[in-house]
Amino acid sequence: MKKMQLEICCGTTCYMLGANRLLNIENEMPSDLRGKTDVRALPCMGLCNEKELSGAPYVKLNGQVIENATAEKIYEKMRALLEE
Amino acid sequence: MVDGSVFLRRELMIRFVRAFNNGSLETELDRFPVKMRPRQDNSSRCCIYHDRAVIKYRLMNLLGFSCEEETDESRTLASYYREAVKRDKPADVAEKLPLSVCEAGCSECPSSKVVITGNCRGCFSRPCMYSCPKGAISVVNQVSSIDYSKCIKCGKCTSVCPYHAIVKTTVPCEDACPTGAIHKDNDGHTRINVEKCISCGNCFARCPFSAILERSQMLDVLRALKNGEKIVAMIAPAAASQIAGTIEQLFTAVSRLGFSDVIEVALGAEETTAREAEEFREKMNAGEKLMTTSCCPAYVELVRKFIPDFLLHVSTTPSPMVFAAEIARREHPGCKVVFIGPCVAKRVEAARKNVDYVLSFEELFAMLAGKNIDVISCEPWPIPRPAIAAARNFARSCGVTEAVISELGGFKEDFQLDAKAINGIDRKTVAMLKMYASGKLPANFLEVMCCSGGCVNGPCSLKK
């Protein structure tokens, strides 16, 4: 199966507001999701400037933006993608 | 995910810097509380009005004023701003503390108490009753009950109950404070005792309401940079573990903020290592029993305030920050220096040791975020002479010891090295320290770090 692409914004704003905690997400994933993603750190995607600061940290899962990203939110979207 | 209070603190810093860069800080400041908690919004506390009040006090601290300095509740933030931009030096932290209690944010947690919860099943063996050293527990109507006139809060009953039905409530800031500096005044408001506080920042890091605030010098640095002053940024070695990207990329990012140069505090740590090893050798050969490190400023404050007799065993070698400042001033005559690290107590040391400003890693990153500077997109900075690994390792517990041992390595000595470390200061380790001081615990080289794990876990670290 093709791996999902998880891109974590590591622009300074996202990094400070939570992305720092997401970089290690691959090792913390529940067993049903482990090994199914390629995790990459991205430079600033510029999204934090659009909505002031209210959406940071941002991540992209297969190109789809997730705002106020938390590990739980990412898992949920991953499971939704797996079911498709 | 970062927790709510860390998020709010960082979000405010970024907004603050962005407004400063736009030149609109003075007019924006008083709008921030409403903008961040508009009427339709969910509140984090009881209501948006409470949230707004707390945001106001946080902004006051970002401007460099402590909450305790407020004499007129109706004074606007713009007015504080106008006062702040008149000062040519950051607000004093050596005499007045760098930490301040935000009364509006403080939950005024009730004093610690042992409580029997509804999970008690009134069991037959009653381990709580039999383990209580003061006979304070009895069983009334098939439920355990505590006689508070006898309870000494030892917590033995909490650990023996098979149902986890007994809990000890805590006051996080008071529990975290290693020196008993935090107390409640007669009105029940939390206060920090200036005489006892060692600025370790434990309360700042642990309060779940984020009610302990740090008086910032960020505005002073932002203004000096804007005025084109010559300032050298000195980055503490703890930075390496905090960032996405490399140290070299971080240095480029920092230089883009307008600093005239960026240097590693680890270069100062090399000097500290060499001198401290030499000092140790001299002291041991002169027959002294014990020497402790001196680079943790909160530890030095602890000794100064609570074990003054022990001060003669504390190394007199200046800290890496002081040596790094010397290097910066030698290479850039007439420059100002700013120490950037994860530490609260460094603010006090800097004020005493002629270091112009101190920024926390959080403040540095807010400044980078405010200018949209991305560390991982930066070119690596050509560090002319990188510091040796042992010096960069100062930020980790036992790093100083290892550096000094390897420095001593090449010599044959008449004395046997007996190195010990205190890794993190709390009430227990303060007691241990006193035992080292009185000779009851053996060691001749003692490393003390107030933060558990070393500076990398400092109260203003970005790892949170």
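In the predicted model, the largest nonpolar core comprises 158 residues, and those with the most contacts inside it are B:Ala233, B:Met234, B:Ile235, B:Val338 and B:Ile340. This core lies between domain 1 (4–108 + 173–215) and domain 3 (221–457) of chain B, because both domains give residues to it. In soluble globular proteins, nonpolar side chains tend to be buried together.

The domain assignment divides chain B into domain 1 (4–108 + 173–215), domain 2 (113–169) and domain 3 (221–457). The centres of domain 1 of chain B and domain 2 of chain B, taken over C-alpha atoms, are separated by 39 Å.

Helix H7 of chain B spans residues 156–160 and contains B:Lys156. B:Lys156 has 19 C-beta neighbours inside 10 Å and therefore counts as partly exposed, since a buried residue requires 20 or more. Leaving aside neighbours within four places in sequence, the contacts of B:Lys156 are B:Ser131, B:Cys132 and B:Pro133. B:Lys156 and B:Ile166 are ten residues apart in sequence, with a C-alpha to C-alpha distance of 9.7 Å. The loop between H7 and strand E5 (166–169) of chain B holds B:His164. B:His164 is a residue other than glycine with a positive phi, near 50 degrees. With 10 other C-beta atoms within 10 Å, B:His164 is exposed.

An open sheet of three strands in chain B has the order E11-E15-E14, and its pairing is parallel. Strand E11 (291–292) and strand E14 (419–423) of chain B are the edge strands, each of which pairs on one side only. E11(B) runs parallel to strand E15 (residues 445–449) of chain B and is joined to it by two bridges. In this pairing, B:Met291 stands opposite B:Phe445 in E15(B).

Between the two chains, 17 residues of chain A are in contact with 18 residues of chain B. On the side of chain A that touches chain B, helix H1 (residues 12–22) of chain A gives the most, with eight residues. By class, this side of chain A has ten nonpolar, six polar and one charged residues. H1(A) is largely enclosed by the rest of the structure, because eleven of its eleven residues are buried. The buried residues of H1(A) are A:Thr12, A:Thr13, A:Cys14, A:Tyr15, A:Met16, A:Leu17, A:Gly18, A:Ala19, A:Asn20, A:Arg21 and A:Leu22.

Two further backbone features occur in chain A. The peptide bond from A:Ala56 to A:Pro57 is cis, with omega near 0 degrees. A:Pro57 belongs to the loop between helix H3 (47–50) and strand E3 (59–61) of chain A. The loop between E3 and strand E4 (64–66) of chain A contains A:Asn62. Although A:Asn62 is not a glycine, its phi is positive, at about 45 degrees. A:Asn62 counts as partly exposed, because 14 C-beta neighbours lie inside 10 Å.

Conventions: Residues numbered from 1 in each chain as written. Chains lettered and ligands numbered in written order. Predicted model: local features only at pLDDT ≥ 70, side-chain atom pairs only at ≥ 80, totals over all residues. Contact = placed C-beta atoms within 7 Å. Helix = DSSP H or I, 4+ residues; strand = E, 2+ residues; numbered from the N terminus. Nonpolar A, V, L, I, M, F, W, Y, C, P; charged D, E, K, R; others polar. Domains from an automatic or database assignment. Pairing = 2+ DSSP bridges. Core = buried A, V, L, I, M, F, W, Y, C linked by C-beta atoms within 7 Å. Buried ≥ 20, exposed ≤ 12 C-beta atoms within 10 Å, placed from the backbone.
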